[in-house]
Amino acid sequence: MSPYLGEDDVAAMREAAARLVEVLAAPGPDEAARLLNQVLDDTARAPRLTRHGGTSPWHLHVDSRDDAPWAEWFLSSSALALAVLLADHQRVPGGLCASPGCRRPYLDLGGGSPRRFCSARCATRERVAAHRSRA
Ligand SMILES: [Zn+2]
């Protein structure tokens, strides 16, 4: 993998990120699973362990080769990670922030009730706004 990120890589990673956001925005786990299966079918290969020629600890890759383009690595590994989260918790592995002015994507690592906000900051802002509108 080239350590240099060109403009083409950045554009391709933006497209990859858009596909992942689509997964997080899915209305339920069935649709998220369908989208993830599509991404995995498009980008992922058989899992393999690599040390990048001894320059890193052993770790898992599902892209086509160790020097695959950044966007292929990003999309295939992210899809695998999201698929593991979905299978572990049987729900969409994240969402888009419920704060209307924000809508940033967030990951839901599971355990406890599903998240609705990207951050404590957005959750507090919306709680205060809801409280004021009742007053
Ligand atoms: Zn937010």
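**Salt bridges and helix packing in the predicted model**

Asp63 is buried, with a relative accessible area of 0% (buried, under 20%; exposed, over 50%; partly exposed, in between; 1.4 Å probe, protein chains only). The model is predicted, local features needing pLDDT of at least 70 and side-chain atom pairs counting only at pLDDT 80 or more, whereas totals for chains, interfaces and linings use all residues. Residues are numbered from 1 along each chain as its sequence is written, and side-chain values use heavy atoms, without hydrogens and water.

Asp63 and Arg48 meet through their side chains in a salt bridge (3.1 Å, N to O), defined as a side-chain nitrogen of Lys or Arg within 4 Å of a carboxyl oxygen of Asp or Glu. Arg48 is partly exposed, at 23% relative accessible area. A salt bridge also joins the side chains of Arg48 and Asp66 (2.7 Å, N to O). Seven salt bridges are found in the whole structure.

The axes of H1 and H2, lines fitted to C-alpha atoms over the stretch in contact (heavy atoms within 4.5 Å), come within 8 Å and cross at roughly 155°, on a scale from 0 to 180 degrees between N-to-C directions. H1 and H2 are therefore roughly antiparallel (over 145 degrees).

Conventions. Helix = DSSP H or I, 4+ residues; strand = E, 2+ residues; numbered from the N terminus. Parallel < 35°, antiparallel > 145°, perpendicular 65-115°, else oblique.
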